[in-house]
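Visitor: I'd like to learn how to read a protein model. Could you walk me through this one?

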Amino acid sequence: MAYRKDPALSASQGKYWGMFICWLLGNGCLFGFNSMLTIEDYYIYLFPKYHPTRVVTLTYQPFILATTAIFTYHEAKVNTRLRNLSGYTLFFLSSFAAIVLDVATSGRGGIAPFVGICIITAAFGVADGHVQGGMTGDLSLMCPEFIQSFFAGLAASGVMTSALRFVTKAAFENSRDGLRKGAMLFFSISCFFELLCVLLYAFIFPKLPIVRYYRSKAASEGSLTVAADLSAGGIQNCLDPMSEEDPACVERLSTKQLLLQNIDYALDMFLIYILTLSIFPEFLAEDTGSHSLGSWYALVLIASYNVWDLIGRYIPLIEQIKLRSRKGLLVAIISRLLLIPAFYYTAKYGDQGWMIMLTSFLGLSNGYLTVCVLTEAPKGYKGPEQNALGNLLVLCVLGGIFCGAILDWVWLIGKGW
C-alpha cells in the first residue's frame, strides 16, 4: 500500500524550526541517563563498594540493545509514532521514579536502593531502545540536517548535564546533603524536559510542513511506519491508485541486503562506540588518578568530552571539511584505536593537562565521525529503506556501546577488585 504525495507540501518550510525540535528531542533522548552518569559522585558516595558508574552503564546496555534489536527486526511494521511517544513517556516516568526512590529511602545507601537504581537504569535503557532507533530511522528519510541536529542534541544533553553539575556542585558543596540536593535537582529538570519532548513530538513536530512533506514522500514509496504520523499531521491516508501498478513504489531492499551493502558503515559505527565507551565515562571517572583539581577532576574530564563531542557534531555542517569517502571514514575510525595506549600511558605517567587534551580529542572525533556516517549512509535509498538503515546503524552503535562498556572492566585488572 502506498499513498499520494501532497503537491502543496513544502520541502523547506519550517526547516529551521524542525531542526530546533530535533535538537530538543535528541537532548531528551539521553538527558535522564546522562543525569545518572553526571551525578556519579553522589552514587559513589552512597554505594562505594559497588562501582556504581560501571554497573549502571553495564545494566543500561543489554536493555537498550535488546529493545533496539527487536524493533530493528520488525521495523517495517512498527508504528513509529507510538514507538517514540512510548519511549519519551517512559523516560519521564523513570526520571520521576528516581526522585521517588531517593525520597523513600531518605538518601541512604545499601543493596536495596542500589538494586532500585539498577531497575530504573534498565527502564532508561528500554526507553532509549524505543526512541533512539525510532527517531534515527524516522529522520533518516528526511533532510540530513534533521538527523545532524538530533545527534547534536544527544551530545548537548551531556554538555547541559555537565554544566548543571558544575553549578550544583559549587552551590551545594558546603551545605548539608549537598550531593543529594544536586541529584534531586537533576532529576526534577529531567522530568520537565522529558515531558516537553512528549508534547513536542506529539503535537508540534508532525504538523511542520517539511516533516509532512518527507513523511508523505516516504508513504508514497511504500512506507507503512509513517501512517500514524501523517494522520497526526492532518494528512489523510489517500491510497494512490497507481501504486499497485508500479512495483517500484512498494518494493524495497531487505534488511539483510541493506546490511550487506552498508557493512562498512555498520563497522564504522560499531568501532566508533566500542572505543569511546571503553574509555568514557567509567575510566575517566575512576582510573585517572588524583590531581590538583581534586574532586573536580572527573567532572572536568567528562565535561571536556561532552563539549568537544557536541562541537564535533556541528563540524560536518561545513561542507569543505566533511569526510564523505567510505574508505576515508573507515581509515579514520580504525586510527582512533591508537587512543587506547595513549590513555593508558597518560593516566600512568602524564599530568592532568594531557589527559584533558586526549579526552577532548576523543569527544571531537566521536561526534564528527558519527554525524559523517549517519548523514552519508541513507543517501540514494527510498524512504522505507532509509528508515531500515537508520535502525540498523543505531543497532551497530548500541552493539559497540555494549561491548565497550564490558571492555571497560579490563582497566580494573590488577587493581584488586
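Guide: The largest cavity has a volume of about 390 Å³. Of the 27 residues lining the largest cavity, Leu-30, Asn-34, Tyr-273, Leu-277 and Ile-401 are the closest to its centre. Before we go on: this is a predicted model, where local features need pLDDT of at least 70, side-chain atom pairs count only at pLDDT 80 or more, and totals for chains, interfaces and linings use all residues. Residues are numbered from 1 along each chain as its sequence is written, and side-chain values use heavy atoms, with hydrogens and water left out.

Visitor: What is a cavity, and what does its volume mean?

Guide: Take a 1 Å grid over the protein atoms alone: a cavity is a set of points where a 1.4 Å probe fits but cannot get out, and lining residues have an atom within 4 Å of a point. Points are joined across faces, edges and corners, and the volume is the space filled by probe spheres set on them. This structure holds five cavities of 30 Å³ or more.

Visitor: How do the lining residues of the largest cavity divide by class?

Guide: Into 16 nonpolar, eight polar and three charged. Here Ala, Val, Leu, Ile, Met, Phe, Trp, Tyr, Cys and Pro count as nonpolar, Asp, Glu, Lys and Arg as charged, and the others, Gly among them, as polar.

Visitor: Which helix gives the most to the lining of the second largest cavity?

Guide: Helices are DSSP runs (H or I, at least four residues), numbered from the N terminus. Helix 4 gives the most there, with four residues. That second largest cavity holds about 100 Å³ of space. Of its 14 lining residues, the closest to the centre are Tyr-43, Leu-46, Leu-101, Asp-102 and Ile-117.

Visitor: Is Thr-346 buried or exposed?

Guide: Buried means under 20% relative accessible area, exposed over 50%, partly exposed in between (1.4 Å probe, protein chains only). Thr-346 has 13% relative accessibility, so it counts as buried. Ser-106, at 43%, counts as partly exposed.

Visitor: What does Thr-346 touch?

Guide: Contact means heavy atoms within 4.5 Å. Not counting residues up to four places away in sequence, Thr-346 touches Asp-351, Trp-354, Met-355 and Leu-358. Thr-346 and Leu-358 are twelve residues apart in sequence, and their C-alpha atoms are 8.6 Å apart.

Notes: On a 1 Å grid over the protein atoms alone, a cavity is a set of points where a 1.4 Å probe fits but cannot get out, and a pocket is an open set with protein on both sides within 12 Å along at least five of seven lines; lining residues have an atom within 4 Å of a point. Helices (H or I, at least four residues) and strands (E, at least two) are DSSP runs, numbered from the N terminus.
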